[in-house]
2 protein chains.
Amino acid sequence: MTSETGADPVPHLNSAPHLNPGPRPNPGPVLEPDLDLLGLHGSLESPVIESMNFLNEISHRFPDAISFAAGRPFEGFFDIEEVHGYLRTYHDHLLAELGGDEIMVRRAMLQYGRTKGIIHDLVARNLLLDEGIDVDPEAIVVTVGCQEALYLTLRALRRTERDALLAVFPCYVGVAGAAELADMPLLPVAGSPEGIDLDDLVAVVLRARADGMRPRALYVVADFANPSGISLDHATRERLLELAEEHDFLLLEDNPYGLFHGDTEQPPTLKALDVGRRVVYLGSFAKTGLPGARVGYVVADQRTGSELLADQLAKIKSMLTVNTSPIAQAVIGGKLLTYGCSLRAANVREAQVYRQNLRHLLDGLHKRFPPGTGPRVTWNTPAGGFFIVLDVPFPVDDELLEHSAREHRVLWTPMHHFYGDGQARQQIRLSFSYLTPDEITIGLDRLANFVVQQCEA
Amino acid sequence: MTSETGADPVPHLNSAPHLNPGPRPNPGPVLEPDLDLLGLHGSLESPVIESMNFLNEISHRFPDAISFAAGRPFEGFFDIEEVHGYLRTYHDHLLAELGGDEIMVRRAMLQYGRTKGIIHDLVARNLLLDEGIDVDPEAIVVTVGCQEALYLTLRALRRTERDALLAVFPCYVGVAGAAELADMPLLPVAGSPEGIDLDDLVAVVLRARADGMRPRALYVVADFANPSGISLDHATRERLLELAEEHDFLLLEDNPYGLFHGDTEQPPTLKALDVGRRVVYLGSFAKTGLPGARVGYVVADQRTGSELLADQLAKIKSMLTVNTSPIAQAVIGGKLLTYGCSLRAANVREAQVYRQNLRHLLDGLHKRFPPGTGPRVTWNTPAGGFFIVLDVPFPVDDELLEHSAREHRVLWTPMHHFYGDGQARQQIRLSFSYLTPDEITIGLDRLANFVVQQCEA
């Protein structure tokens, strides 16, 4: 088990001999189990887990394949000395803020800490600067990655078995996982070429209400969604906010890729447009900060009695992980300080890599699948993000991925994993964040061979 | 909201102006709430949360009081340069292990990582060395502190509303919190001067079964429990393992304080005695490593089908926090490597501080409350750990703590918080881990004044 999506494996790490001594000697079916799997939490039987397992396992079995599957950030600029530098920068900042009291600084960075986090003020400054989102730092909870932020929010919103989560499908696997773990049913809302089918959204909400359910929130990635790559236009964002108000649900806006857009500006985030406190904003530093820090956050400025929803989430966090490592927060805090709290400034090189890779991928696809000739292969053309979706003229299941890996040495993600129903679709997701242009070129050659053979078969 | 027990506040951190801009302007009762608190998860109404809130809040209001309440590790030896050193040590270790491949090292330390963690081999070596616990590193999941380890385990063991957790009472507040959050009822088992009433344990299990419940596991701290300070003797440990086998439940052994014993050796841990894989072992580096790393772990070598329980816990973790910050793990890994994987060796100075503080506290109590004269005050005499319990001749509630804080400038923890029933008891918990001997002396003078006045009142 690794990584953020299950579609995002860490083959090298896991195949490093000292980190993973290889397959454990299988205790085997001859030995009686100590615990009956059917006596454990139901989430352990969910298709989400099977998806994650399968996708990780296959990338371990074919470590030399080129992988369009991993949605991990580009690591070409990773530098361990920078981590030391960020720690020192944050330390010095704190020392100045605390009037030179070194004992207080040590306490803040090394002792148990505030459940809501210690870099909330820097996060608030970043949100104002990069996204035009103006929030009270007290409405922010710093979390162990965005996944914990999501889980805290779902756990808080799930009171009874009637509480449900809406999500635009196809949907990031981690959302289905968090909902399973929170015992919260997931109600799929149809996606569309524009990102979301708003009529279907209303229909799903009304049907759920009629069935006695309470749809509490809609999970949505407005900018370069995973897996679709699609962004919502400005009008759709406004309409979503109106519908949330009208039908009384929250919007859980997840925004890991918004910074990585092309030459055109993105419309404002839902949170920037949110005047009625309808949006809970989920933030990640995995792509813009450093994945190894595992720091994310949630902005939850909704009023609950005399406190904010953020305070309620912090109470849940105090029972779950207590606080987010202040050392890890200091790394991200130091990076924010280094770039004047602008992650746009911090990611100039990375944004260029992703833009270049996207262009290279789209050009390469166009070259290999020219319209009107050969296999009928089409794809969408997001203006940024990490992913595109390919439509192919044959159904794609896990067996086919295995064939592609074994015979063609190229990995990608069958789209059915993002629907959770196991039904093969004529679509695959390609991720381009983690590869070099040369790897993309070789990978596309292999992919084209695979597709042509499939069409001839 | 701060810290691990709620009885363990972080007044200095939270009162630092830049970290906490003071009480947020109260949105106030005149404004309509956006979300009804009664529509949120039930754990948010639990007495556990109220306990944590109250204990934190009071320590913020009386920052100049001497606090016997905080169960935090002594921070006199904290050193930020050491963090840099540990990171370098782990880096060099990894570089050697990976045959000098710097890219692989960067990936391991800075990219998304293995869900079960990257320092599991070092943790296994430490367990063998310090505790005589011999486990397959694959049975270890590195977690975001011990609290996540506990929650993962409870979440896995909770399938239906029939699944319950047993716990020796009085009980660490974080256990009640994790159980609430996992929707798992907590069945109290009576403590005793020897640590646990085994007859009551059997009675509770049989009664629960008769009521249609499934008691899945007993949470137990065998060494210097929080809050009681009591350790189980060898025979009781053996008997517990037999009862777990006989009545088919697991033992969740939490061992944050075992290393800090006096001059006498402790009996082996339950896990070291566990031949039938009945014990899930919860580990913390907060007291022996560095609290600011927020790294803990769980040893779960129970077989579940062809995998281990650890693999199931990792699946849940992949939906909860994805992985534990490898940077934070590297800090702990570097500390382990620095001391040849012995935390005993790493904590020679700390162990001495705690021993000395305990002796100073016991001597001071004896001097101030000599037997046969004055108020009838008694206390237990643990051979180590962080806590002792004082019996006083009057009932102790939160109002009395507030009085003690305001009038006598001394804080401690009313024991009723560890029973969760709000019923005042004639007991208080004193923590001695965080203070200097001089602070203990002053604190005891204040405490004695408070007690004498209470007895005269």
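How many helices and how many strands are there in chain A? In this predicted model, chain A holds 15 helices and 15 strands. Its radius of gyration is 22 Å, close to the 23 Å that the globule rule gives for 457 residues, so chain A is as compact as a globular protein of that length.

**Overall build of chain A**
- Along its principal axes, the C-alpha trace of chain A spans about 70 × 60 × 55 Å.
- Of the 457 residues in chain A, 58% are buried.
- Among the contacts in chain A with a separation of 6 or more, 75% are accounted for by residues 24 or more positions apart.

**Where chain A touches chain B**
- On the side of chain A, 98 residues are in contact with 99 residues of chain B, and helix 10 of chain A (residues 309-320) supplies the largest share of the chain A side, namely eight residues.
- Sorted by class, the side of chain A that touches chain B comprises 45 nonpolar, 30 polar and 23 charged residues.

**Helix 2 against helix 7 in chain A**
- The axes of helix 2 (residues 47-61) and helix 7 (residues 173-181) of chain A come within 9 Å and cross at roughly 135°, and the two helices are therefore oblique to each other.
- Helix 2 of chain A passes helix 7 of chain A in a left-handed crossing, with A:Val48, A:Ser51 and A:Met52 making the contact from helix 2, and A:Val173, A:Ala176, A:Gly177 and A:Glu180 making it from helix 7.
- By class, this contact between helix 2 and helix 7 of chain A has four nonpolar, two polar and one charged residues.

Terms used: Residues are numbered from 1 along each chain as its sequence is written. Chains are lettered from A and ligands numbered from 1 in the order in which they are written. This is a predicted model: local features need pLDDT of at least 70, side-chain atom pairs count only at pLDDT 80 or more; totals for chains, interfaces and linings use all residues. Helices (H or I, at least four residues) and strands (E, at least two) are DSSP runs, numbered from the N terminus. The radius of gyration is taken over C-alpha atoms; the globule rule is 2.2 Å times the number of residues to the power 0.38. A residue is buried if 20 or more other C-beta atoms lie within 10 Å of its own, exposed if 12 or fewer, and partly exposed in between; C-beta atoms are placed from the backbone. Two residues are in contact if their C-beta atoms, placed from the backbone, lie within 7 Å. Ala, Val, Leu, Ile, Met, Phe, Trp, Tyr, Cys and Pro count as nonpolar, Asp, Glu, Lys and Arg as charged, and the others, Gly among them, as polar. Axes are lines fitted to C-alpha atoms, for helices over the stretch in contact, and angles run from 0 to 180 degrees between N-to-C directions. Angles under 35 degrees count as roughly parallel, over 145 as roughly antiparallel, 65 to 115 as roughly perpendicular and the rest as oblique. A crossing is left-handed if the near helix is turned anticlockwise from the far one by less than a right angle, and right-handed if clockwise.
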